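This briefing goes through a protein model chain by chain and then turns to contacts between side chains. Please read it with the structure open.

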Amino acid sequence: MASLPRTSFSPIRVLIADDHSLFREGLRKLIESEAGFEVVGQASDGEMLLDMAREQQPDLILLDLAMPRQDGMQVLRELAAAEVPARTLVLTASINKSQIVQALKLGAYGVILKECTTQRLFDSIRCVMAGQYWIGRESVSDLVRALRSVASSEAGSRSKDFGLTPRELEIITLVVAGYSNPEIAQRCSISEQTVKHHMSNVFDKLGVSNRLELALFAVNHQLTESVA
Amino acid sequence: METTLTANEGQVGVPRARRYGIGTSIRYRVGGANGWREGTLQNISITGVLLCTDQPLEIDTTIEMRFVLPVELLNGESAAEVLCRGIVVRSAPPSGPEEETRVAAKIISSRFLRQPGRK
């Protein structure tokens with residue numbers, strides 16, 4: 001767990017990790033121009049960052065994902081394992097939704113793009129140091145979709161172990177939600193007979209004998225399209 | 001957790017229904033009573049449930065039970081509540097001061113009740 005900021009009078013001690021020296025230097029000057037911030041070090045690769053984080057004990061790490069030797073995700077894992085108390089804000093040129101989810105899972109407190117404004121960067125750092133997460137307002141809905149997509153694909157990969165089709169997985173989820181066959185038919189825009197056919201296949205594949213057992217099996221084996 | 005298929009004691013060759021470890025709270029009431037009491041669902045199969053309660057129940061007592069499937073679904077859906085009717089077949093007193101009564105009940109019937117969505 002990250003430590004709280006020292007006191008309101010102490011500057012926020014920032015460690016910068018980026019493989020582009022010009023960018024690092026520019027960022028250092030930018031950060032130090034703002035009252036309440038202090039740059040305690042710059043690292044050009046993942047290994048250097050880990051050493052400096054242990055040594056300098058910064059409050060916050062601005063972490064680029066694309067770095068030589070150890071990339072940002074690997075660094076996040078190492079930071080968590082080393083129990084470095086700094087909070088990490090991923091500062092990157094580009095990132096996709098699944099990477100955002102992964103970074104947060106690995107302990108990052110936020111993600112901000114290099115194209116952001118200076119004010120937004122300072123806002124994000126203050127937000128993270130106040131104990132909140134920073135994703136960026138415009139990307140929150142994307143992130144929720146990404147989280148759902150990850151949860152769905154995890155359920156999907158588990159379903160493959162039992163040879164279930166996506167439609168069968170969907171029907172199992174609706175059974176767990178308490179839908180009857182006619183309701184499932186309406187919901188999926190298929191006939192009730194088709195629902196019964198799917199249910200019969202699901203029963204055979206999972207070796208269950210009724211709706212109750214199907215629901216219990218699905219919950220136990222995490223076969224539903226669930227929130228992660 | 002789920003147990004493997006085993007034979008019932010004294011009934012070699014008769015497969016025992018798979019039990020599912022669904023550690024969640026369960027409400028129950030003796031048939032006809034008004035108030036629901038709280039217990040913990042230890043495991044459940046298609047034929048019976050094992051729950052922990054703070055009071056013993058007489059064998060052959062008809063009870064109603066209800067519990068919500070412990071999973072959070074996508075798209076604002078809530079998992080169903082399972083309503084069961086059953087008959088107490090075994091009631092073991094607590095084995096220690098911190099323990100609870102363990103009650104086994106045979107399931108007579110069950111149905112699902114949809115829960116309001118989270119949307």
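A residue is called buried when its relative accessible area is under 20%, exposed when that area is over 50%, and partly exposed in between. On this definition, buried residues make up 36% of the 119 residues in chain B. The model is a predicted one.

**Chain B**

- Chain B has eight strands and zero helices.
- Of the contacts in chain B with a separation of 6 or more, 50% are between residues 24 or more positions apart.
- Chain B has an accessible surface of about 6800 Å², and carbon and sulfur atoms account for 48% of that surface.

**The sheet of chain A and the helices on it**

- Chain A contains an open sheet of five strands, paired in parallel, in the order β2-β1-β3-β4-β5.
- The edges of the sheet are β2 (37-43) and β5 (110-113) of chain A; each has a single partner strand, so one side of each is left without a neighbour in the sheet.
- On average, neighbouring strands of this sheet are turned by 25° against each other, direction ignored.
- Strands of a sheet pair through backbone hydrogen bonds, either parallel or antiparallel.
- Strand β1 (residues 12-17) of chain A pairs with strand β3 (residues 60-63) of chain A in the parallel sense, over four bridges.
- Within this pairing, I16(A) has L62(A) in β3(A) as its bridge partner.
- Helix α2 (residues 46-56) of chain A lies across β1, β2 and β3 of chain A and runs at about 140° to β2(A).
- Helix α3 (residues 72-82) of chain A also packs on the sheet, where it touches β3 and β4 (87-92) of chain A. The direction of helix α3 of chain A makes about 160° with that of β3(A).

- P11(A) is located in the segment before β1 of chain A and is partly exposed, at 31% relative accessibility.
- Apart from neighbours within four places in sequence, P11(A) is in contact with G36(A), F37(A), E38(A) and D59(A).
- P11(A) and V39(A) are 28 residues apart in sequence, and their C-alpha atoms are 9.4 Å apart in space.

**The interface of chain B and chain A**

- Contacts between the chains involve 27 residues of chain B and 28 residues of chain A.
- The size of an interface is often given as the accessible area lost when the parts come together.
- Between chain B and chain A, the buried area is about 2300 Å², and carbon and sulfur atoms give 62% of it.
- Three salt bridges are found across this interface.
- A salt bridge joins the side chains of E183(A) and R114(B), at 3.4 Å from N to O.

**Salt bridges**

- Over all chains, the structure holds 15 salt bridges.
- D64(A) and K114(A) form a salt bridge in which the closest N and O atoms are 3.6 Å apart. This pair links distant parts of the chain, 50 residues apart: D64(A) is in the loop between β3 and α3 of chain A, and K114(A) is in the loop between β5 and α5 (118-129) of chain A.
- D64(A) has a relative accessible area of 3% and so counts as buried, whereas K114(A) is partly exposed at 24%.
- E168(A) and K205(A) form a salt bridge, with 2.8 Å between the closest N and O atoms. E168(A) is in helix α7 (residues 166-176) of chain A and K205(A) in helix α9 (residues 192-206) of chain A, so the pair ties together parts 37 residues apart in sequence.
- E168(A) is buried, at a relative accessible area of 3%, and K205(A) is partly exposed, at 34%.
- In chain B, E64(B) forms a salt bridge with R29(B), the closest N and O atoms being 3.3 Å apart. E64(B) belongs to strand β6 (residues 62-68) of chain B and R29(B) to strand β3 (residues 24-30) of chain B, so the pair ties together parts 35 residues apart in sequence.
- E64(B) is partly exposed, with a relative accessible area of 23%.
- D18(A), D64(A) and K114(A) are joined into one network by salt bridges that share partners.

Definitions and conventions. Residues are numbered from 1 along each chain as its sequence is written. Chains are lettered from A and ligands numbered from 1 in the order in which they are written. This is a predicted model: local features need pLDDT of at least 70, side-chain atom pairs count only at pLDDT 80 or more; totals for chains, interfaces and linings use all residues. Side-chain values use heavy atoms; hydrogens and water are left out. Helices (H or I, at least four residues) and strands (E, at least two) are DSSP runs, numbered from the N terminus. Buried means under 20% relative accessible area, exposed over 50%, partly exposed in between (1.4 Å probe, protein chains only). Contact means heavy atoms within 4.5 Å. Accessible areas come from the Shrake-Rupley method with a 1.4 Å probe; for residues, only the protein chains shown count as cover. Two strands pair if DSSP finds at least two bridges between them. Axes are lines fitted to C-alpha atoms, for helices over the stretch in contact, and angles run from 0 to 180 degrees between N-to-C directions. Buried area is the accessible area (1.4 Å probe) that two parts lose on being put together, summed over both. A salt bridge is a side-chain nitrogen of Lys or Arg within 4 Å of a carboxyl oxygen of Asp or Glu.
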